[in-house]
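Welcome! Please take a look at the sequence and the model below, and then we will walk through some points together.

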Amino acid sequence: MSKRFFDRKFNIYKINYNNISKDMRKIEIILKSLLIKTARKIKEYRFRKPKNVLNLIAPLSAILILILTVNFWQSKDFGLLVKYKGQAIATVKNEETFNQASVLVMSRRMVQNNNKCITPQYELTDVGGNISTITSMYYNLVNQCQDDLSDGCGLFVNNNFLGAVKNKSDLDAILNAAKAEKRNNGIKNAQAIFYDSVQTVNGLYPTKSFVNIENMAGLVSREVKFAFTIQSSAQKSVPFKIVKISDNNKFEDYSQVKKQGVIGKENCITQISYMSGKKVKSNVISEQVTKAPVDEVLIVGTKKLTAGVATGTFAWPVPYSHIVSSVFGPRFGAFHSGVDIAGPNVQGQDINASDGGTVTFAGMDDSGYGNCVIIEHGKSYKTLYGHASMLYVHVGEKVKKGQKIASVGMTGDADGYHLHFEIWKNNVKVDPLGYLNYKYTIDESE
Ligand SMILES: [Zn+2]
């Protein structure tokens with residue numbers, strides 16, 4: 001049988017051990033029956049001619065020796081003596097031990113190259129109680145290959161093998177020393193880390209790749225790149241969630257905060273890596289909520305807005321601007337009966353119905369409102385929109401809350417582009433800002 005081990009062929013002499021012991025047993029049986037026959041003859045001679053007994057002792061002892069010899073070999077274990085270049089290197093129970101040890105050698109070779117290794121020869125032998133296990137056979141093989149392969153610890157940087165040393169602890173010490181040397185490289189409290197993937201792996205390496213400690217330290221300082229990290233901790237706010245509760249008694253434009261949300265806080269620890277003074281990586285290591293946020297509860301209406309139907313609340317009529325340039329009240333010795341909504345570039349922006357209702361006026365007004373719309377919202381309320389450039393509704397039209405009815409202009413008595421907006425309650429003009437539930441700013445320079 002021939003088999004490849006590394007790059008050479010070797011031969012194994014196949015021996016059937018079972019046959020050997022069977023043959024031995026046959027011989028033993030024959031010899032035992034011979035002995036019994038001889039003993040009978042001795043008995044017969046003792047009674048007949050005692051003088052001749054001695055003549056029988058010599059062949060009898062020869063048989064005894066033979067029996068003892070057979071028993072001796074029977075009690076022995078046979079094995080295979082593995083020889084290499086005429087020298088015995090191990091005794092194994094069978095070929096399998098050698099094969100498995102070879103596979104182990106192969107699998108522990110960390111760097112592939114054309115290693116020459118042993119060409120064993122086998123001889124049948126008495127094991128003599130000293131049989132090799134796979135592990136000891138492995139070490140025997142490694143010892144035989146010492147010119148090519150040695151057990152050690154290799155350094156891999158980005159999966160490239162750089163070299164090996166005998167002990168992993170030496171390699172670890174070199175790497176740690178290099179890290180310690182690089183520490184505090186201009187950055188306060190910085191820790192040195194490997195920038196590349198650095199691995200130390202135990203295994204079999206080409207003997208020529210082994211370097212001494214000093215050379216390995218040199219390799220590390222030349223080939224391994226370091227980065228520097230600092231940990232920074234920062235307080236971050238955690239937004240709250242908004243939980244919406246539907247209310248089908250309220251119109252769809254309705255929303256009311258039932259419970260105010262509270263922003264939470266968390267402590268965030270980040271590891272920042274630098275290389276040559278430049279930030280190269282930033283990893284969040286931990287986030288710990290120090291104050292849990294509180295959900296906001298919002299009630300929202302679901303009832304559909306319908307043309308002609310008043311909701312009972314008034315919406316801001318110019319979504320584009322929330323700047324009030326003139327409030328309701330006495331002005332220049334007269335009385336300003338509404339609010340003026342202005343703002344940069346407000347010209348031509350949408351004017352929407354502040355609530356649903358029926359248009360009772362849409363056209364040019366002679367008293368100073370210019371292009372004007374009046375909407376009636378049920379019996380008690382009316383809204384008026386003045387100085388518009390364009391009108392989009394007509395008298396008798398039912399409008400929805402939020403529907404576009406006109407565009408901002410400066411028709412009638414107006415100094416600049418704005419909406420003059422009035423709310424009438426039972427035909428009395430009231431301050432619209434008391435009804436508009438919106439945030440606004442008052443800027444009378446507009
Ligand atoms: Zn006005």
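Is Glu422 buried or exposed? Glu422 is buried, because 21 other C-beta atoms lie within 10 Å and the cut-off for being buried is 20 or more. Keep in mind as you read that this is a predicted model. The chain's secondary structure comes to six helices and 29 strands.

**The chain as a whole**

- Of the 446 residues in the chain, 23% count as buried.
- Take the contacts in the chain with a separation of 6 or more: residues 24 or more positions apart account for 73% of them.

**Around Glu422**

- You can find Glu422 in strand S27.
- Leaving aside neighbours within four places in sequence, Glu422 is in contact with Ser337, Gly338, Thr383, Leu384, Lys429 and Pro432.
- Now compare sequence with space: Glu422 and Asp340 are 82 residues apart in sequence, and their C-alpha atoms are 9.0 Å apart.

**The nonpolar cores**

- In soluble globular proteins, nonpolar side chains tend to be buried together.
- The largest nonpolar core here has 29 residues, and those with the most contacts inside it are Ile341, Ile351, Val373, Tyr385, Ala388 and Ile405.
- Several strands supply at least two residues each to this core, among them S16 (323–326), S19 (339–342), S21 (357–365), S23 (381–388) and S27 (419–425).
- Strand S22 gives the most to this core, with four residues.
- A second, separate core has 22 residues, including Leu80, Met137, Leu141 and Ala164.
- Which residues does Ile351 touch, leaving aside its neighbours within four places in sequence? Ile351 is in contact with Pro317, Val318, Tyr385, Ala388, Ile405, Ala406, Ser407, Val408 and Leu419.

**Helices H3 and H4**

- Helix H3 covers residues 95–107 and helix H4 covers residues 134–144; their axes come within 8 Å and cross at roughly 60 degrees.
- At that angle, H3 and H4 are therefore oblique to each other, and H3 passes H4 in a right-handed crossing.
- On the H3 side, the residues that meet H4 are Thr97, Phe98, Gln100, Ala101, Ser102, Leu104 and Val105.
- On the H4 side, Ile134, Met137, Tyr138, Leu141 and Val142 take part.
- Sorted by type, the residues of this contact are nine nonpolar, three polar and no charged.

**Helices H5 and H6**

- The axes of helix H5 (residues 168–182) and helix H6 (residues 213–223) come within 10 Å and cross at roughly 45 degrees.
- H5 and H6 are therefore oblique to each other, in a right-handed crossing.
- Asp170, Leu171, Ile174, Leu175 and Ala178 in H5 meet Ile213, Met216, Ala217, Val220 and Ser221 in H6.
- The residues of this contact divide into eight nonpolar, one polar and one charged.

- Most residues other than glycine have a negative phi.
- Asn159 is not a glycine, yet its phi is positive, at about 70 degrees.
- Where is Asn159? Asn159 is in the loop between strand S6 (149–157) and strand S7 (160–165).
- Asn159 counts as exposed because it has 8 C-beta neighbours inside 10 Å.
- Phe332, also not a glycine, has a positive phi of about 45 degrees.
- Look for Phe332 in the loop between strand S17 (329–331) and strand S18 (334–336).
- Phe332 is exposed, with 6 other C-beta atoms within 10 Å.

Terms used. Residues are numbered from 1 along each chain as its sequence is written. This is a predicted model: local features need pLDDT of at least 70, side-chain atom pairs count only at pLDDT 80 or more; totals for chains, interfaces and linings use all residues. A nonpolar core is a set of buried Ala, Val, Leu, Ile, Met, Phe, Trp, Tyr and Cys residues joined through C-beta atoms within 7 Å. A residue is buried if 20 or more other C-beta atoms lie within 10 Å of its own, exposed if 12 or fewer, and partly exposed in between; C-beta atoms are placed from the backbone. Two residues are in contact if their C-beta atoms, placed from the backbone, lie within 7 Å. Axes are lines fitted to C-alpha atoms, for helices over the stretch in contact, and angles run from 0 to 180 degrees between N-to-C directions. Angles under 35 degrees count as roughly parallel, over 145 as roughly antiparallel, 65 to 115 as roughly perpendicular and the rest as oblique. A crossing is left-handed if the near helix is turned anticlockwise from the far one by less than a right angle, and right-handed if clockwise. Ala, Val, Leu, Ile, Met, Phe, Trp, Tyr, Cys and Pro count as nonpolar, Asp, Glu, Lys and Arg as charged, and the others, Gly among them, as polar.
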